[in-house]
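Below is a short briefing on one model, written for a reader who has the sequence and coordinates open.

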Amino acid sequence: MSSFTEEQEALVVKSWDSMKKNAGEWGLKLFLKIFEIAPSAKKMFSFLKDSNVPLEQNAKLKTHSKSVLVMTCEAAVQLRKAGKVVVRDSTLQRLGATHFKYGVVDEHFEVTKYALLETIKEATPEIWSVEMKNAWGEAYDQLVSAIKTEMK
Ligand code: HEM
């Protein structure tokens, strides 16, 4: 059982509420940061290969980026409610299989964690705190660990 607290859940939900109206934009920023740190990560996204559409306008990239934010926030809510990340088995299996197939490795998840925390900090300058950073970090770690159990 995780000891994710009500306060931690509230911190994640509060920051998410303040950025979700622009979730697509923040999600894009998140992935632009990832590609800045790890340009080779672009190669894994089939829909970016041979595409002439600039990254900023790529609808599929925007969708994936938003999924990372939305699912991490949902993970925080479940961690408090159920003590663990709850993702439908079939969804988790698909996520595990997809990320395995495209060659996503630990370093990618680590860079993404760093970029995620930086993006939320940028999106919520007035309310950002160490506690908020740790709450998002923990929710992300638990979600990724659930995905990794199905990466085979
Ligand atoms: C919490 C972390 C993450 C979540 C929730 C997430 C979520 C998703 C979802 C929902 C899909 C759509 C396909 C499916 O449902 O199987 C997907 C595909 C994919 N994800 Fe992630 N993802 C995460 C982290 C990452 C990271 C760190 C990378 C690499 C930097 C990555 C790379 C990819 C790639 C390459 C695909 C396939 C895209 C394609 O169709 O070409 N993901 N992810």
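D141 is partly exposed, with a relative accessible area of 37%; buried means under 20% relative accessible area, exposed over 50%, and partly exposed in between (1.4 Å probe, protein chains only). The model is predicted: local features need pLDDT of at least 70, side-chain atom pairs count only at pLDDT 80 or more, and totals for chains, interfaces and linings use all residues. Residues are numbered from 1 along each chain as its sequence is written, and side-chain values use heavy atoms, with hydrogens and water left out.

- D141 is found in helix 6; helices (H or I, at least four residues) and strands (E, at least two) are DSSP runs, numbered from the N terminus.
- The side chain of D141 makes a polar contact with the side chain of K113, at 2.9 Å.
- A polar contact is a pair of N or O atoms within 3.5 Å; within protein, one must be able to donate a hydrogen and the other to accept it, and residues adjacent in sequence count only if both atoms are side-chain atoms.
- D141 and F109 are 32 residues apart along the chain, and their C-alpha atoms are separated by 8.9 Å.
- Between the C-alpha atoms of D141 and A97, 44 residues apart along the chain, the separation is 18 Å.

**Ligand site**

- The ligand sits in the largest pocket.
- A pocket is defined on a 1 Å grid over the protein atoms alone, as an open set of points where a 1.4 Å probe fits, with protein on both sides within 12 Å along at least five of seven lines; a molecule sits in a pocket if more than half of its atoms lie within 2 Å of its grid points.
- Two or more residues of the shell around the ligand come from each of helix 3 (59–82), helix 4 (89–101), helix 5 (106–123) and helix 6 (130–149).
- Helix 4 gives the most to this shell, with four residues.
- The ligand is surrounded by 18 residues, of which S46, H64, R94, T98 and H99 are the closest; a residue counts as near if one of its heavy atoms lies within 4 Å of the molecule.
- By class, the shell holds 11 nonpolar residues, six polar and one charged; Ala, Val, Leu, Ile, Met, Phe, Trp, Tyr, Cys and Pro count as nonpolar, Asp, Glu, Lys and Arg as charged, and the others, Gly among them, as polar.
- R94 has a polar side-chain atom 2.6 Å from an oxygen atom of the ligand.
- For T98, an N or O atom in the side chain is 2.6 Å from an oxygen atom of the ligand.
- H99 places a polar side-chain atom 2.8 Å from a nitrogen atom of the ligand.

**Nonpolar core**

- The largest nonpolar core has 45 residues, and L30, F31, F35 and W136 touch the most other members.
- Such a core is a set of buried Ala, Val, Leu, Ile, Met, Phe, Trp, Tyr and Cys residues joined through side-chain atoms within 4.5 Å.
- At least two residues of this core are supplied by each of helix 1 (6–19), helix 2 (23–37), helix 3, helix 4, helix 5 and helix 6.
- Helix 6 provides the largest share of this core, nine residues.

**Other residues**

- S15 lies in helix 1 and is buried, with a relative accessible area of 0%; its side chain reaches the backbone oxygen of V12 at 3.0 Å.
- A97, in helix 4, is partly exposed at a relative accessible area of 37%.
- K81 lies in helix 3 and is exposed, with a relative accessible area of 64%.
- The C-alpha atoms of K81 and I127 are separated by 24 Å, with the two residues 46 apart along the chain.
- S40 is in the loop between helix 2 and helix 3 and counts as partly exposed at 43% relative accessibility.
- S40 and E150 are 24 Å apart in space, C-alpha to C-alpha, and 110 residues apart in sequence.

Key:
On a 1 Å grid over the protein atoms alone, a cavity is a set of points where a 1.4 Å probe fits but cannot get out, and a pocket is an open set with protein on both sides within 12 Å along at least five of seven lines; lining residues have an atom within 4 Å of a point.
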